[in-house]
Amino acid sequence: MTGYGKAEYTFADHKTIVELRSLNSKQLDLNLKVASIFRDKEPDIRALLTAPLERGKVDVAIYTQALDGSATPNEITPINEELFTYYYQQLRHLQDQLGMPAPQDYTGAILRMPGVVAQANTLATIDNDEWKILQGAIQQALASFRAFRVQEGAALEKMFTEKLDGILALLAQVEPLEKGRVEKIKERLIDNLNKLTDGSSADKKVTIAYDKSRLEAELIYYLEKLDITEEKVRLRNHIKYFRETMSQDGAGVGKKLGFIAQEMGREINTLGSKSNESQMQILDVQMKDILEQIKEQVLNVL
């Protein structure tokens with residue numbers, strides 16, 4: 001579910017910013033980026049975030065800024081001067097001894113040597129006082145993040161309601177077409193039967209007689225296979241259940257709505273395959289289009 005939350009605090013000589021951003025995802029995909037000073041607390045930070053976030057591709061950034069504009073301690077990357085000098089002397093010695101050409105960039109080569117540049121996460125770490133403040137900032141960012149989601153959820157509920165009403169309106173347009181479809185199919189079948197000949201004479205067409213009672217029986221069987229009453233009833237029930245589920249609280253509502261949308265799709269597909277009438281099939285395609293829009297947005301629901 002898309003969302004955004006931010007919080008910040010000032011401690012000692014630096015300011016810390018906590019930012020949360022999320023996009024659609026069926027599962028929770030938490031991407032956590034923290035300043036090196038908070039690196040040892042990363043498992044605890046992840047534990048604080050996992051349960052409240054629930055779903056979504058979430059990017060969390062926790063970074064610091066010095067109040068005076070200089071680099072904060074965790075941004076400084078010190079160089080081991082003694083080791084740098086040692087590598088430089090060794091390179092010059094090998095160059096003279098082996099007659100090797102001088103490298104174009106001594107500095108770049110030496111900085112890539114093991115141990116010359118200290119790892120950032122070996123530097124300053126957060127103390128207990130700041131850790132308590134950081135936890136509060138994370139909770140504040142989560143509260144802002146949830147408020148954003150609630151606002152978006154209200155907009156989604158309105159959109160779903162409009163889309164469901166649209167499907168029901170199209171379904172209502174199907175019913176008058178369905179009533180006249182039986183007579184059209186019957187007339188077409190009888191007309192085609194009357195056009196049949198036995199083919200015994202090239203000059204004179206002889207119409208083949210048929211059993212009208214048998215025709216009626218076959219026609220009833222055929223029309224039963226094309227009946228869409230059950231599909232209409234089930235589709236309306238699924239829409240009703242979708243509305244009821246939207247009003248539920250707690251986690252897992254989004255997944256349930258996704259399952260209901262799949263069932264709605266089954267009924268719409270079956271209705272289209274049974275339509276056997278061009279205008280009904282056009283309405284069916286329009287219902288499918290609306291349903292696809294619903295499915296895309298269901299991913300935004302927790």
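Select β3 (28-34) and strand β4 (residues 56-66): the two run parallel and are joined by seven bridges. Strands here are DSSP runs of E of at least two residues, helices are runs of H or I of at least four, and both are numbered from the N terminus. Two strands count as paired if DSSP finds at least two bridges between them. This is a predicted model, in which local features need pLDDT of at least 70 and side-chain atom pairs count only at pLDDT 80 or more, while totals for chains, interfaces and linings use all residues. Residues are numbered from 1 along each chain as its sequence is written, and side-chain values use heavy atoms, with hydrogens and water left out.

Pick Leu32 next; opposite this residue, in β4, is Val60.

β2 and β4 run antiparallel and share ten bridges. Show Val18, whose bridge partner in β4 is Ile62. Seven of the ten residues of β2 are buried, so that the strand is mostly covered; buried means under 20% relative accessible area, exposed over 50% and partly exposed in between, with a 1.4 Å probe and protein chains only.

Nine bridges join β1 to β2, and the two run antiparallel. Tyr9 stands opposite Thr16 in β2. Between β1 and β2 are the two residues of a hairpin turn, where Ala12 has a positive phi of about 55°.

With the four strands shown, read the order as β1-β2-β4-β3: an open sheet with mixed pairing. Neighbouring strands are turned by 10° against each other on average, direction ignored.

Axes are lines fitted to C-alpha atoms, for helices over the stretch in contact, with angles from 0 to 180 degrees between N-to-C directions.

How many aromatic pairs does a search of the whole structure find? There are two. The ring centres of Tyr86 and Tyr87 are 6.0 Å apart and their planes are at 55°, so this pair is tilted. Rings of Phe, Tyr and Trp (its six-membered ring) pair if their centres lie within 6.5 Å; planes under 30 degrees apart are stacked, over 60 edge-to-face and the rest tilted. Tyr86 is partly exposed at 45% relative accessibility, whereas Tyr87 is buried at 18%.

Finish at Phe160 and Phe242, an edge-to-face pair with 5.5 Å centre to centre and 75° between the planes. Phe160 lies in helix α4 (residues 128-194) and Phe242 in helix α6 (residues 229-246), so the pair ties together parts 82 residues apart in sequence. Both Phe160 and Phe242 are buried.
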